[in-house]
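User: Hey, can you walk me through this one? I'd like to start with how the chains meet.

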Amino acid sequence: MINRLIYSALILLFCVSCAGKPEKKEQVEIAKISMPDSAVKVLNYEQLKPYLVKDDGKTYVVNFWATWCKPCVEELPAFEKLHANFKNKNVEVLLVSLDFPKQIKDELIPFIDKRNLAPEVIVLDDPDQNKWINAIDKSWSGSIPATLVYNKNKRMFFEQSFEYESLIQELNKFIN
Amino acid sequence: MKTLKIGSLLTVFALLTAFTLRTTTVASYKIGDTVANFTLKNIDGKMVSLTDYANKKGAIVVFTCNHCPYSKMYEDRIIALDKKFKKLGYPVIAINPNDPAVSNGDDFESMKERASDKGFTFPYLFDEGQKVYPKFGATRTPHVFILNKNKKKDFVLSYIGAIDDNARDAASVKKRYVESAIYDLLENSQPRVKETKAIGCSIKVAK
């Protein structure tokens, strides 16, 4: 009988400890997202995924970039201009930053503020790149800048730099 | 009818241009391909050829550079790979594929400085004229290509991809892709994982 009691107590203890863990993890992640000094969301791939598969009739232009990536910063004006010209035309621009978490406060946020960057910025922070690069697009080798354009009917991926004209050219395939 | 003809001509033209634009990817080595010899200038001023490695089992070719934060994060791990696998027959050959006119800090003098600051134990070659990296199909830095010598003494491309699964934090690495691939090769079998992907800096091409 005593043995049995100890046994069930042990099981109970084990269950409590295993049920407690994921909850704790979730709390940590939510805390990260709502960092008071940060204006950007920090997501892992599973959390970012819903932003890459919306089927609400809008066309999404998702640019993968980082403040440390020179060609990315050079092509940003094209995406800012696209955002300004098409935000009322059912097109949304999303800038997925691959800046490192420790640079968000010192590099990314000041960059966004100084530049008055209008499109939404989300940080993708997920170390298992081999998994999510393929999940985003099989053709992507992993270099940035890279851009995904999609709507509910069509999806195209570009591992290249854009200028405004070439970006509009691709966008027109989606909205016309 | 005429419009149809013009239309199809345009399509053919579009397809042709599409393929011309992509020639670099089309022509690049695939897993299992024999890698041709190349000769590039090392930071010590001497020329280094793949054929200089005739008595080795293979080589770990790493396209990397000075400026890219991902390259910097991997420098210590590239040195560690060389130290570990040089004696087992797979030395590191690092190649900077960037055009220094487009990529600040990736010029030959800066390569020398970086190599001496970090204490590179391997050659750090300059892909002058950017002729070598397209053959490998390298697109980013760092980008690793493991070569393995077959019975005919040819260098065969056996692995393409990342060094491991965590660029930012070496202590949190779970999968050591390059190490595992070489251990497989040392056991005379093909790497179980032949291709992996990672984020990196795009190779800066001459304008």
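This is a predicted model: local features need pLDDT of at least 70, side-chain atom pairs count only at pLDDT 80 or more; totals for chains, interfaces and linings use all residues.

User: Which residue in E9(B) is the bridge partner of A:Ile144?

Analyst: That's B:Cys201. Also in E9(B), B:Gly200 stands opposite A:Ser143.

User: What's the strand order in the sheet they belong to?

Analyst: The order is E5(A)-E9(B)-E6(B), an open sheet of three strands with mixed pairing. The edge strands are E5 of chain A and E6 (140-141) of chain B, each of which pairs on one side only.

User: OK, and the contact as a whole: how many residues does each chain put in?

Analyst: Chain A gives 15 residues and chain B gives 15 residues. On the chain A side, helix H5 (129-136) and strand E5 (143-144) each supply at least two residues. H5(A) has the largest share of that side, with four residues.

User: What does chain A's side look like by class?

Analyst: The side of chain A that touches chain B has eight nonpolar residues, six polar and one charged.

User: Switching topic. What's the secondary structure of chain B?

Analyst: Chain B comes to six helices and nine strands. The chain has 207 residues, and 40% of them count as buried.

User: Let's look at H6 of chain B. Which of its residues are buried?

Analyst: H6(B) runs over residues 177-186, and its buried residues are B:Tyr177, B:Val178, B:Ala181, B:Ile182 and B:Leu185.

User: Why do you say they line one face?

Analyst: Look down the axis of H6(B): the buried residues fall within an arc of 125 degrees, so they line one face of the helix.

User: Last one: which residue with a positive phi follows H6(B)?

Analyst: That would be B:Asn188, with a phi near 60 degrees.

Key. Residues are numbered from 1 along each chain as its sequence is written. Chains are lettered from A and ligands numbered from 1 in the order in which they are written. A residue is buried if 20 or more other C-beta atoms lie within 10 Å of its own, exposed if 12 or fewer, and partly exposed in between; C-beta atoms are placed from the backbone. Two residues are in contact if their C-beta atoms, placed from the backbone, lie within 7 Å. Ala, Val, Leu, Ile, Met, Phe, Trp, Tyr, Cys and Pro count as nonpolar, Asp, Glu, Lys and Arg as charged, and the others, Gly among them, as polar. Two strands pair if DSSP finds at least two bridges between them. The arc is that of the directions from the helix axis to the C-beta atoms.
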